Amino acid sequence: GHRPAYAQLGSAIAQMGNPVVLALTATSDEAVTSDIDRVLPVAGHVVDDTMRTNLHVVDQRNLRNRGDYLATLVAQGEKSVIYVSSREQSVALARNLRKRVPQMAPLIGFYNAGLSRAERTRVEELFRTGAIAVLVATSAFGEGVDIPDIRNVVLFQLPYNEIEFNQMSGRAGRDGKDARVHLLFGRSDVKHNDRILQDMTPDHDVLAEVYRTLRTWQRKTPGEFFEMADGELAHIVSGTGCEITAASAACGIAVFRELGLIETHVAYASGEGARMVRVKEGAGRVELTDSVRYREGLGERDIFRAFYEWVIDCDCARLEQRVSGPITPQMKPLHLR
């Protein structure tokens, strides 16, 4: 569901002449469907409203001792995926579970987007074959993963939106046998997720300080590129009294590059890459909201707020209905055989 990608795909299809196009997705709400219809030559819709009645929600939201509950579940030895909201948490929780359930320690792994492609492929294969029985993962282990015999999916922390919630839950019971979706998230997770999203798309004043810092460094090397990694930039900005993370610095670099305020490239020496930055002189006045990257980030923060207000207070029956079915636009479905 990345909207700029729709436009690129639409342009590519238009160049083909008169192609036959089949667009498939399990998470297409009204907004996404509208975008697809706008850029692709869609003549009609087929909506499959099949419900996965083998999935059962175990509602433990706001449980005080969710770590104890999780350790007891892991000790049972069933194939399980435990979802958390950050890379750091995936590693930390896997290590914690190895200590708390030592008899399962060799069978507990973690998976996140920080691993290399080869590492992710290896972990997925170990989990598929049963060499790993319990996988602590971020949303990187989600859409497109089809391992049939996962008996438990645990949402240990709060997902960021309804699509993640649906896709994570949907990893369970793909063999058609009974499986459980354990909801262990709670209100305490809201601030944690909010902070991560704000780090990834910081407010105007934070990005203004990032840009001032880049301009200050540019004055030291007029007209030339200078080396600046995300962590180093965050450290320098934080030294001015504006505390930021490497994620916030990375957002600033991406947004300023998109707005045409800076140029970047990677320079290699002895096989190591370093990001080089040059602030453009005489750049015109711009607004942060001119950046697609920045607008999408703000949108993700709004989507999360709407999602948590719904999922924290929603009754269990409605949650089970959401877990069991695809996200579809509100139109009369054509039942598939």
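In the predicted model, helix α3 (residues 66–75) and helix α4 (residues 87–100) pack at an angle of about 65°, and their axes lie 10 Å apart. Axes here are lines fitted to C-alpha atoms, for helices over the stretch in contact, and angles run from 0 to 180 degrees between N-to-C directions. The angle makes α3 roughly perpendicular to α4; angles of 65 to 115 degrees take this name, those under 35 count as roughly parallel, those over 145 as roughly antiparallel, and the rest as oblique. The crossing of the two helices, α3 and α4, is right-handed; a crossing has this hand if the near helix is turned clockwise from the far one by less than a right angle, and is left-handed if anticlockwise. On the α3 side the contact (heavy atoms within 4.5 Å) is made by Gly67, Asp68, Leu70, Ala71 and Val74, and on the α4 side by Leu93, Leu97 and Arg100. By class, five of these residues are nonpolar, one is polar and two are charged. Ala, Val, Leu, Ile, Met, Phe, Trp, Tyr, Cys and Pro count as nonpolar, Asp, Glu, Lys and Arg as charged, and the others, Gly among them, as polar.

Residues are numbered from 1 along each chain as its sequence is written. Local features need pLDDT of at least 70 and side-chain atom pairs count only at pLDDT 80 or more, while totals for chains, interfaces and linings use all residues, and side-chain values use heavy atoms, with hydrogens and water left out.

Asp230, Gly231, Leu233 and Ala234 of α9 meet Ala246, Ala249, Ala250 and Ile253 of α10. In this contact of α9 with α10, six residues are nonpolar, one is polar and one is charged.

The chain as a whole has 12 helices and nine strands. Helices (H or I, at least four residues) and strands (E, at least two) are DSSP runs, numbered from the N terminus. Buried residues make up 41% of the 337 residues; buried means under 20% relative accessible area, exposed over 50%, and partly exposed in between, with a 1.4 Å probe and protein chains only. Among contacts between residues at least 6 apart in sequence, 74% join residues at least 24 apart.

In helix α12 (residues 316–324), Leu319, Arg322, Val323 and Ser324 are buried. The buried residues of α12 pack against β1 (55–59), α6 (162–169), β6 (179–183) and α11 (292–313). Asn166 lies in helix α6 and counts as buried, at 8% relative accessibility. Its side chain reaches the backbone oxygen of Arg322 at 2.9 Å. This is a polar contact, defined as a pair of N or O atoms within 3.5 Å; within protein, one must be able to donate a hydrogen and the other to accept it, and residues adjacent in sequence count only if both atoms are side-chain atoms. At the start of α12, a side-chain oxygen of Asp315 comes to within 3.1 Å of the backbone nitrogen of Ala317.
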